[in-house]
Each structure stands twice: as structure tokens, then as C-alpha cells.
Amino acid sequence: MLPLPARQSWKLLQAHYQKIRELHLRTLFDDDPTRGERLNADAAGLHLDYSKNRVTDETLTLLRGLAEEAELRQRIDGMFRGDKINLTENRSVLHVALRAPRGTSIVVDGKDVVPEVHSVLDAMADFSDRVRSGAWKGHTGKRIRNVVNIGIGGSDLGPVMAYEALKFYSDRAMTFRFVSNVDGTDLVEATRDLDPTETLFIVSSKTFTTLETMTNAESARRWLLAGLGGDAKAVSKHFVAVSTNAEKVKEFGIDTANMFGFWDWVGGRYSMDSAIGLSTMIAIGPESFRALLDGFHQMDEHFRTAPFERNLPVLLGLLTVWYTDFFGSETVAVLPYEQYLKRFPAYLQQLSMESNGKHVTRDGAEVTYQTGPIYWGEPGTNGQHSFYQLIHQGTRLIPCDFIAFAQPLKALGRHHDMLLANVLAQTEALAFGKTREQVKAEGTAERLVPHRVFRGNRPSNTLLADRLTPQTLGKLVALYEHSVFTQGVIWDVDSFDQWGVELGKVLAQRIIPELEIETEPALHHDSSTNGLIRRYRKLRGQSI
């Protein structure tokens, strides 16, 4: 296959961009009164309005041509088949198998993985029911009332996002905490007001060797034993593991019967619906967790089967490529108008930026175009009084995804109508702005006119669903998973490895003993790192 810039579809888009780059959304809507009715799509209960994007019908046709030339359909089929599309690690990429219904068959290396997935789900459900009902007792015979998930990266961001998103459906008699940072403050604050006799820790680490996770787990173990008289037998009643390393789990003191496994074809940032979601299942219950999986699966099937012109993940992915590589946009703002989704933008940061933050193609050639925009955002309406100023009147073009729901989970007077009015107003203001003439017609003093002009022409998508439910959350996450995949296919990068996180971890292992040793260490770093190590040791009162 030709390099991306050499492909005919890419060249056609470059020429097309030069023709329409100054075209304003005001003009597009004036010229086509039905634009808003045409440029939208529905799937699995999600409605996407993409009419406020700087695209014409020709743009969309050319973007679909780009997808076809990149063989997106074949790559989608390959992922769902279990082909080893994670090339640098020679692995299948099968998060879609985690939510495949019973009876489905997905074969990896000659083995149907779906029965194994459901075996783990059944074990999770049994354990969750025992904890939620009080049948699972701690070391002193008390029921568990506190659950602390210890993980990092995908083993933390998914569970904490899902817990916050689905808190409305959670067991409010229980307390859930999440520890990821190796900064001791994280664990201390998570446990400071908990009773060890009523606390369960879930340690999530595939290898059970992850530095940050196991450091926190060991400290949590000491905290527990200090509160329970030092009896090591208590560990098996207050710790369970999400891992594949039975030997290490047993060595820690956890009964391997309470070890929930997953597979090397599940990437960390795609794992929230695997055993990594054990804390989620305990919080919301097995039935709601299965509804979450069903939402994932519905979007999977839509992505797998829908034509590109009506395919929500493909549309979002292609629009991201359009702005990133032709308009030079560097970020995407994700703006959920739902307080429960306050951690959703942070979750998408890892999903997108760890997946497509790559500088070489799948074949190892240097890319000559932009990949992997920065994802960020906050829930509305908070952001309107913070960074929206930059989006509206700044010098950067920032495409926005607005996420909203027709029905509130907690109705309170006029609140929800006011919230949704702000969603609609923001997308309208971003698209159409306010001209100099309009500002002057309001009687604005001449010297203030430039300050009150809104150029508009700022693109946005609006995603609207009926209500935030476990099923809806699954659909939203899968939507962005497959959008990220679409982008990666176009850019010809491996979206499923993450070598960029490795180097710093290796160097940290070298530096740790240099910080901890009593005597002055021999340092062989650069002058900056050497100087900082010496300064740190001096401030800690150690020998330099």
C-alpha cells in the first residue's frame, strides 16, 4: 500500500481543502436549509448531529474514499476475526470479545475465547453478589463495606470513570475508592477514614509486577495488617487480584480462587469491560454490568456492519483526521453535559493518545503528517466559565464533541432544561458567531466592537441520547474506541501498542536505588539529572 501522502484520496482531499478552507458554516447553512436534517445519523440509541462541521457533501465523499483506500472495512473485519493486528507485539486485538454474547464464536490461535470470557464474567458475578449481599465476610466476620481498587493506567482510568459515570446505579451503602498514583498521598487519603475490618482491596495488574500498583498494594497490605493485629491470614479475606500471574498472587497472600484473569489480546486501555471492571460490577451489580456489556456490543455491531456514510465511529474518526491533518488542529475537546461523566474526558485521553500518539507507521517508516490529537475537556456548564473563551475567540481551531441526554437522572426543577439549552446555545454560537454588523446593531461602542465579535466557524459534533444508563455508557465508550481505531487505520499506525510508556519506567528503575542508597552513589546520567538527584538527596538529608 502506498504511503498516506502518496494516495490519490489524500491528494484529492488536499486539493479540496484549498477550495473550501475559508468557507463559513453560515454560508453552508444558508445555501442548504436542510443541512441540519441531512447531516446526522443514528445508531443504537445515539443520535449524532455532525452538520456543524466544516464539510460539504464532497468532503464527506472524499473522506469515505480515504477510508476505502486505507482498506478500513478489511481492517475492521480483521479485528473482529481475531487477526493479529497488533503487529509489534504479534497479538490479536479483541476487546470486542469481552462483550460478545454467549454462543458467539471468536477463535484465537485455534481456540474459541468467548466461553472463557463468560466463565470469568460468571465468577465475577458470583463474587460480586457475595460481597454486595454480605455473604463474603472479612477476617473478623464483618461484612465488606469499602472497596479500594488499586491499579494504574487502564486498570484505574476505566474503573474510576465507570464508577463516577454510573454512581446513580451504585450501592450507596458501600464506599468505593481508587488508588493509582505511587505518590503515597493517594493511598493515605483513600484509606484514612476506612475500617480495615470492612475493607476489600482489588489489586489489578496482569503480571502482578507493575511498579506503582504493587508498591501501593504492599503498603495497603501493611495498613490492613496493622489494623488487624498482624495476622497474615487476614490478607486472603481482604485482597483479591485481577491478574494472570498465579504464583505472584499466591506469594502476596491472595487465594488464587479469588484471582480473576484476562488475556494478552486485551489492551489495558480497552479493558474496563474485562475483569478489570470487577469494582464496577460490585458497585452496580452483575445485571447492570451485563447491560453495560450489551451497550458495548450494540455499538460493536453497528461499527462492524453499518455503511461508512451512516457509521458513527467512522464519521467521528474521519472528521478527526480532517481537522488534524488538513486544518492543523491539535486538540479535540470532549464536553459532556452530564456531571456523572466528569471523568470521561480523562478516560478518552488515554484511549486516544496512548493509541495513536505514534511517529512511525505499522511498517516502521517515519510519518510525515500529524497523528494523535490531544483530547481534553470538562463537564458543562463548568467549562463555559473556564476555557470556552479560548474555543470561541482564541486563535486555535478546536473541534468539539458535545454529549447530552434528554432525560436527567435526577430531575430538579428547571435545571435540566437550562443545561440542555446551554448545549444547543454553545454549538450554535460556535458555528455562527456574531458579526461586526450584529455587534454594532446592538449599540455597542465602537472601541468595544472588535472585542465582542465572534467569528464562528468553529466545528462541533453533538451526541444526544435518551438517558445515561449502563447500556448507554457502553455505547459511548465503544463509539470512541472504534473512532480511535478508524483514525489509526487512516494514519497507518499500530493503535494497540504503547512503547512510549516504557523508557521512562526503565530509567526510573535505575534511578530509584540512587535515591535510596545511604552512601553517595556514582552517577552517570546527564548533568541535569545528576544535579537533580544530588539536590533531592541533599534536601532529604542524605549523603551526596
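Residues are numbered from 1 along each chain as its sequence is written. In this predicted model, local features need pLDDT of at least 70 and side-chain atom pairs count only at pLDDT 80 or more, while totals for chains, interfaces and linings use all residues, and side-chain values use heavy atoms, without hydrogens and water.

**Exercise 1.** Determine which strands pair with β5 (residues 146-150) and whether its residues are buried or exposed.

*Solution.* 
1. Strands (E, at least two residues) and helices (H or I, at least four) are DSSP runs, numbered from the N terminus. Strands pair if DSSP finds at least two bridges between them.
2. β5 is parallel to β6 (residues 175-179), with five bridges; in this pair I150 is bridged to V179.
3. β5 also runs parallel to β7 (residues 199-204), again with five bridges, and here N149 has I202 as its partner.
4. N146, V148 and I150 point one way, V147 and N149 the other.

**Exercise 2.** Describe how helix α6 (residues 114-133) packs against α13 (residues 286-305).

*Solution.* 
1. Their axes, lines fitted to C-alpha atoms over the stretch in contact, come within 10 Å and cross at roughly 150°, on a scale from 0 to 180 degrees between N-to-C directions.
2. In contact (heavy atoms within 4.5 Å) are H118, L121, D122, M124, A125, S128 and D129 of α6 with P286, F289, R290 and L293 of α13.

Key. Buried < 20%, exposed > 50% of the residue type's maximum accessible area, 1.4 Å probe, protein only.
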